[in-house]
Amino acid sequence: MGKFSTLLRATGLAVSVAMPAMAQDATTVMATVNGTDITLGHMIALQERLPDQYKQLEDDVLFDGILEQLIQQTTLSQEMEKDLSGTIALSKENEIRAFLAGELLAKIGTADVAEDDIKAIYTERFAEDESEMEFNASHILVETEETAKELVTMLNDGADFAELAKEKSTGPSGPSGGSLGWFGKGAMVPAFEEAVIELEDGAVSEPVQTQFGWHVVKRVESRVKEAPALDAVREEIERELRAKAIDDEISRLTESAEITRADVVVDPTAIRNVDLLPK
């Protein structure tokens with residue numbers, strides 16, 4: 001099958017649409033608008049950036065729609081290029097700069113992460129770290145130190161902690177016997193956490209003051225927090241490594257670039273003064 005083209009002329013616009021042979025590559029010209037070629041590569045690149053809802057269209061509908069959109073965009077951009085204002089020219093430069101920078105970051109951020117790097121982070125964070133403890137504790141919260149001391153005395157005399165918490169505690173855990181369940185380091189305010197760590201399992205503290213009031217704390221039990229399986233934290237580690245790769249590349253490129261900052265003083269309020277932009 002040979003090639004033939006249909007020449008469309010409308011409002012002085014010349015659009016040549018090629019009907020290609022079956023063999024195609026990215027350089028295959030699909031249309032020419034006033035001398036500017038639109039290739040199959042342009043169409044594929046635009047398709048890649050479409051929202052998923054459009055990618056689900058039938059191939060022939062998607063193909064025709066993308067070609068038509070590129071033809072329209074080309075005609076409109078050609079018209080705009082005839083009279084670029086200073087502001088639009090500056091914005092065009094910014095958009096191109098931002099697009100290229102974003103593409104590089106996306107390339108780095110989606111690159112495969114070495115398995116050895118993932119395992120090294122996992123080992124450093126979990127396997128070789130000191131065992132982290134978790135605690136199951138209860139408390140009774142009251143307003144004054146005097147009341148807290150009275151509670152400690154009652155507990156030492158054999159009072160039941162849970163029943164006392166239900167009766168005396170002003171905290172939200174009171175109705176459940178003061179139980180706070182299991183928690184790890186950093187979950188509680190420092191003074192409370194320190195008291196729990198210093199206690200033995202089953203022991204009750206002396207009154208502990210925090211910004212919430214006075215606490216009588218009971219460490220019910222403790223256990224070593226198990227390290228998560230590698231697969232459970234793999235995605236998290238991969239995200240961290242990709243973010244680090246992006247930061248490292250930004251640093252490398254900016255440090256190796258020849259950058260000269262102009263020795264000029266500008267009022268920071270000028271950043272909002274659109275009247276300074278060329279017309």
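These legends walk you through several close-up views of a predicted model.

View 1. Let's begin with confidence: the chain has a mean pLDDT of 89, and 90% of its residues reach 70 or more. Residues 1–12 are a stretch to treat with care, with a pLDDT below 50. Beyond near neighbours in sequence, this stretch still has 20 contacts in the model. Where pLDDT is low, predicted coordinates should not be read in detail.

**View 2. A four-stranded open sheet.** Follow the strands across and you will find the order E6-E5-E8-E7, with antiparallel pairing. At the edges sit strand E6 (179–184) and strand E7 (208–210), each of which pairs on one side only. Ignoring direction, neighbouring strands of this sheet are turned by 45° against each other on average.

**View 3. Strands E5 and E6 side by side.** Here strand E5, residues 133–142, meets E6 in the antiparallel sense over five bridges. To find your bearings, look for Ser138, whose bridge partner in E6 is Ser179.

**View 4. Two helices packed on the sheet.** Helix H6, made of residues 145–156, packs on the sheet and touches E5 and strand E8 (213–224). The direction of H6 makes about 45° with that of E8. Helix H8 (residues 190–198) also packs on the sheet, where it touches E5, E6, E7 and E8. Between the directions of H8 and E7 the angle is about 155°.

**View 5. The second largest pocket and its lining.** This pocket holds about 160 Å³ of space. Around it you can pick out His139, Leu141, Pro172, Ser173, Leu180, Met188, Val189, Phe192, Phe212 and His215. Sorted by class, the lining has seven nonpolar residues, three polar ones and no charged ones.

**View 6. The hairpin of E3 and E4.** Strand E3 (residues 29–33) and strand E4 (residues 36–39) pair in the antiparallel sense over four bridges. Two residues lie between the strands of this hairpin. In the turn, Asn34 has a positive phi of about 50°. Look also for Val33, which stands opposite Thr36 in E4.

**View 7. Glu238 and its contacts.** Our last stop is helix H9 (residues 230–256), which contains Glu238. Leaving aside residues up to four places away in sequence, Glu238 touches Val113 and Ile118. Leu104 is 134 residues from Glu238 along the chain, and 18 Å separates their C-alpha atoms.

How values were computed
Residues numbered from 1 in each chain as written. Predicted model: local features only at pLDDT ≥ 70, side-chain atom pairs only at ≥ 80, totals over all residues. Heavy atoms only, no water. 1 Å grid on protein atoms, 1.4 Å probe; cavity = no way out; pocket = protein on both sides within 12 Å on 5 of 7 lines; lining within 4 Å. Points joined across faces, edges and corners; volume = space filled by probe spheres on them. Nonpolar A, V, L, I, M, F, W, Y, C, P; charged D, E, K, R; others polar. pLDDT = per-residue confidence, 0-100. Contact = heavy atoms within 4.5 Å. Pairing = 2+ DSSP bridges. Axes fitted to C-alpha atoms, helices over the stretch in contact; angles between N-to-C directions.
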